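Please go through the model below, beginning at the ligand and then moving out to the backbone and the aromatic rings.

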Amino acid sequence: MQEIFGGVFFEDRKLFTENSVPGYKPFDEELVKRGKREFRTWNPRRSKLGAAIVKGIKSMPIKKGDKILYLGAAHGMTPTFVANIVKESGILYAVEFSDRCFNNLLPICEKYTNITPIMADARKPEEYYWIEKVDVVFIDVAQPDETEIAIRNCKEFLKPGGYLLMAIKSRSIDVTKSPGLIYKEEMAKLRKGGFEIIDWKTLDPLEKAHAFIVAKSKD
Ligand SMILES: C[S@@+](CC[C@H](N)C(=O)[O-])C[C@H]1O[C@@H](n2cnc3c(N)ncnc32)[C@H](O)[C@@H]1O
């Protein structure tokens with residue numbers, strides 16, 4: 001296995017993280033043993049962070065021990081891979097507002113003790129005011145005002161010099177504009193909001209009309 005970013009591995013054109021809950025495969029993914037270590041196959045067609053890595057994003061700032069605010073946790077697919085990367089010394093505050101998704105997330109959080117599920121609306125950071133400052137805000141909420149939600153959460157919770165990772169679904173923002181124009185406009189908003197764009201990738205064909213952005217707070 002080749003470690004391409006801290007905690008992210010590549011072998012035979014497949015992406016993996018080291019499994020922190022041995023034997024457990026919440027999404028029926030393939031588990032692979034290498035010596036005493038167990039790895040979970042990470043399908044880039046089911047995870048925008050996975051897709052961004054496969055598309056060659058230059059920077060993937062999530063690392064062991066990081067504290068992450070994850071907005072739009074859904075059923076926990078990408079959150080569990082992020083939890084594998086930050087390991088037990090790190091933590092994910094996983095915010096989700098759909099009760100159907102949240103109910104699927106809960107049993108996963110019983111196994112992944114470094115994921116704290118929070119049923120809340122990411123537009124109202126005051127609902128989870130009690131969380132600590134984080135190294136990374138990750139957002140994947142597929143909402144028209146996603147960038148504004150991201151900036152507001154970063155202002156509340158991101159440490160100075162921390163990172164924002166954002167998946168954009170262009171159709172959720174404006175169906176009438178070209179995806180390319182939408183990505184440009186959202187990145188302009190981030191720059192105006194005090195972020196430097198470190199890198200970004202379109203995710204086609206793995207995720208059609210989506211992009212993934214890595215940005216760093218200048219504050
Ligand atoms: C595209 S899915 C996220 C997929 C997930 N990030 C993954 O890769 O496994 C978007 C999720 O964001 C949630 N969501 C949308 N708006 C939200 C909001 N304002 N607050 C919290 N969750 C929200 C939706 O309910 C949905 O589960």
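In this predicted model, a backbone N or O atom of Phe-97 lies 3.3 Å from a nitrogen atom of the ligand. The protein covers 86% of the 610 Å² of accessible area that the ligand has on its own.

The space that the ligand takes is the largest pocket. There are 18 residues around the ligand, and those that come nearest are Tyr-70, Thr-78, Glu-96, Asp-121 and Gln-143. Sorted by class, this shell holds 9 nonpolar, 4 polar and 5 charged residues. Helix H2, which spans residues 77-86, supplies the largest share of the shell, with 3 residues.

The next topic is aromatic rings. Over the whole structure, a search finds 8 aromatic pairs. One of them is formed by Tyr-24 and Tyr-112. Their ring centres are 6.3 Å apart and their planes meet at 50°, so the pair is tilted; planes under 30 degrees apart would count as stacked, and over 60 as edge-to-face. This pair links distant parts of the chain, since the two residues are 88 residues apart. Tyr-24 is in the loop between strand E3 (14-18) and strand E4 (31-34), while Tyr-112 is in the loop between helix H3 (99-111) and strand E8 (115-119).

Two places in the backbone remain. Most residues other than glycine have a negative phi, and most peptide bonds are trans. Asp-12 is found in the loop between strand E2 (8-11) and E3. Against the second, a cis peptide bond joins Asp-204 and Pro-205, with omega about 0°. Pro-205 lies in the loop between strand E11 (195-202) and strand E12 (210-217).

Technical notes: Residues are numbered from 1 along each chain as its sequence is written. This is a predicted model: local features need pLDDT of at least 70, side-chain atom pairs count only at pLDDT 80 or more; totals for chains, interfaces and linings use all residues. Side-chain values use heavy atoms; hydrogens and water are left out. A residue is near a molecule or strand if one of its heavy atoms lies within 4 Å of it. A polar contact is a pair of N or O atoms within 3.5 Å; within protein, one must be able to donate a hydrogen and the other to accept it, and residues adjacent in sequence count only if both atoms are side-chain atoms. Accessible areas come from the Shrake-Rupley method with a 1.4 Å probe; for residues, only the protein chains shown count as cover. On a 1 Å grid over the protein atoms alone, a cavity is a set of points where a 1.4 Å probe fits but cannot get out, and a pocket is an open set with protein on both sides within 12 Å along at least five of seven lines; lining residues have an atom within 4 Å of a point. A molecule sits in a cavity or pocket if more than half of its atoms lie within 2 Å of its grid points. Helices (H or I, at least four residues) and strands (E, at least two) are DSSP runs, numbered from the N terminus. Ala, Val, Leu, Ile, Met, Phe, Trp, Tyr, Cys and Pro count as nonpolar, Asp, Glu, Lys and Arg as charged, and the others, Gly among them, as polar. Rings of Phe, Tyr and Trp (its six-membered ring) pair if their centres lie within 6.5 Å; planes under 30 degrees apart count as stacked, over 60 as edge-to-face and the rest as tilted.
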